[in-house]
Amino acid sequence: MCRNIKPLFNFEPPASKNEMHEAALQFVRKISGFNRPSQANEAAFYDAVEDIEKSVRKLLNALDTKAPPRDREVVAAKARERARERYGTS
């Protein structure tokens, strides 16, 4: 799975439209092998991004949990700490 695709479910505040779009774009990039499509493939590429974004939105709206929403800042801080331990970065 792409490391750049982040979990979007059960956060406070909920995932934004931009976050869903970025996840869909990253997924299509991974599947197609294109960072930027050629003009010949551009329409199909961006149609796929739009379709996947709609699917992501539909999925997130359909999911349900009894767990309390996670705090984005706490999750980000934990990720930074793991990266610091793994890569020795500051």
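How accessible is E50: buried, partly exposed or exposed? In this predicted model, E50 has a relative accessibility of 42% and therefore counts as partly exposed, falling between the 20% and 50% cut-offs. The side chain of E50 joins that of K54 in a salt bridge, with an N to O distance of 3.5 Å, which lies within the 4 Å limit. K54, at 46% relative accessibility, also counts as partly exposed. Both residues belong to helix α2, which spans residues 39-62; they sit four residues apart, or about one turn of the helix.

Helix α2 also holds the pair R57 and E53. Here the closest N and O atoms of the salt bridge are 3.0 Å apart. R57 and E53 are four residues apart, so about one helical turn separates them. The two partners fall into separate accessibility classes: R57 is partly exposed at 27%, whereas E53, at 8%, counts as buried because buried means under 20%.

The side chains of R84 and E81 meet at 3.1 Å, N to O. On the accessibility side, R84 counts as partly exposed at 35%, and E81 counts as partly exposed at 34%.

Across the model, the count comes to four salt bridges, among them E50 with K54, R57 with E53 and R84 with E81.

Notes. Residues are numbered from 1 along each chain as its sequence is written. This is a predicted model: local features need pLDDT of at least 70, side-chain atom pairs count only at pLDDT 80 or more; totals for chains, interfaces and linings use all residues. Side-chain values use heavy atoms; hydrogens and water are left out. Helices (H or I, at least four residues) and strands (E, at least two) are DSSP runs, numbered from the N terminus. Buried means under 20% relative accessible area, exposed over 50%, partly exposed in between (1.4 Å probe, protein chains only).
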